[in-house]
Amino acid sequence: MFSPSMLLQLLLLLNPGYWRGVISSPTDDNAARGGHGDHGEPGHKDSHQDSYSTFASEFLESRYLTDEGYPFPTAPPVDPFAKIKVSDCGITKGCVRYGKPGCDAETCDYFLSYRRIGADVEYEMSADTDGWVAVGFSSDKKMGGDDVMGCVHDDNGRVRIHHFYNVGQWAKEIKRNPARDEEGIFENNRVTCRFKRPLYVPREETLVDLHLSWYYLFAWGPAIQGSITRHDIDAPPVSDHMISIYKYEDIFMPSTAYQTFSSPFCLLLIVALTFYLLMGTP
């Protein structure tokens, strides 16, 4: 049921002109009569409009408050995760693909992209896993003493960005996390994420300056209760050269299943075997 005060407020909101005349006070009437001087000169303007505007705004604001005066809780808007565009690779961003020839961000075993945005570097990562995907920045192609950014799928279905530091073969989580503007999704048995990280950072052992070139370490694997475990393959791929964020490359690295005949040793072996079969035995 509506209280008398609530009905009065509602009527004021619906027809302010009429109800101002009904409930106007003697003081208001005197003020209205005093609006003109002895010679018909205009005096002060009616202040009722300003009072009504203030009341209306306060009334409308009160609609979004609880009885105790606190705002009603509202969930923040959730934007769908924008798909990674591989058509931009090598043009407006750099990309690294590991897997089957011709794969993209949704089909590669591992995918990484990077691009500069102002004073930040934006990274996108995706891997065929239900656990975690990460990239490490190394000076020597070997695991140990590396700054690592990882996206971890937890038991609640969320994908969070974590900062790690490789101590030998073990990734230690670091509380200081330089990531911002984080996004992540787990879909079609893939962990995919996007985040920004400052280009320049204060000198610290666990953080590298991204304006310098580094070997990139690529890894992914399972997670248990939001904690990463050992990567899926014994020898995770590593970029064959140092990568610069100032040079947008489109790098493809064939996975093990597709690199059997791509190594020089295997090609030499095939040539020798073919020569042997053609010439026959002595």
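A pocket is an open set of points on a 1 Å grid over the protein atoms alone, with protein on both sides within 12 Å along at least five of seven lines, and its lining residues have an atom within 4 Å of a point. The second largest pocket is lined by F81, A82, K83, I84, A105, E106, S126, I185, E187, N188, R190 and T192. This is a predicted model, in which local features need pLDDT of at least 70, side-chain atom pairs count only at pLDDT 80 or more, and totals for linings use all residues. Residues are numbered from 1 along each chain, and side-chain values use heavy atoms, without hydrogens and water.

**Second largest pocket**
- Its volume is about 270 Å³, taken as the space filled by probe spheres set on the points, which are joined across faces, edges and corners.
- Strands β8 (180-187) and β9 (190-198) each give two or more residues to this lining; strands are DSSP runs (E, at least two residues), numbered from the N terminus.

**Largest pocket**
- The largest pocket holds about 430 Å³ of space.
- It is lined by 23 residues, of which W132, M143, N166, A219 and H231 are the closest to its centre.
- Elements giving two or more residues to the lining are β4 (132-138), β6 (159-167), β7 (170-173) and β10 (215-221).
- The largest share, four residues, comes from β4.

**Y98**
- Y98 lies in strand β1 (residues 94-99).
- Y98 counts as buried because its relative accessibility is 7%, buried being under 20% relative accessible area (1.4 Å probe, protein chains only).
- F111 is 13 residues from Y98 in sequence and 6.4 Å away, C-alpha to C-alpha.
- Beyond neighbours within four places in sequence, Y98 has contacts (heavy atoms within 4.5 Å) that include C103, W220, I233 and M253.

Note on methods:
On a 1 Å grid over the protein atoms alone, a cavity is a set of points where a 1.4 Å probe fits but cannot get out, and a pocket is an open set with protein on both sides within 12 Å along at least five of seven lines; lining residues have an atom within 4 Å of a point. Buried means under 20% relative accessible area, exposed over 50%, partly exposed in between (1.4 Å probe, protein chains only).
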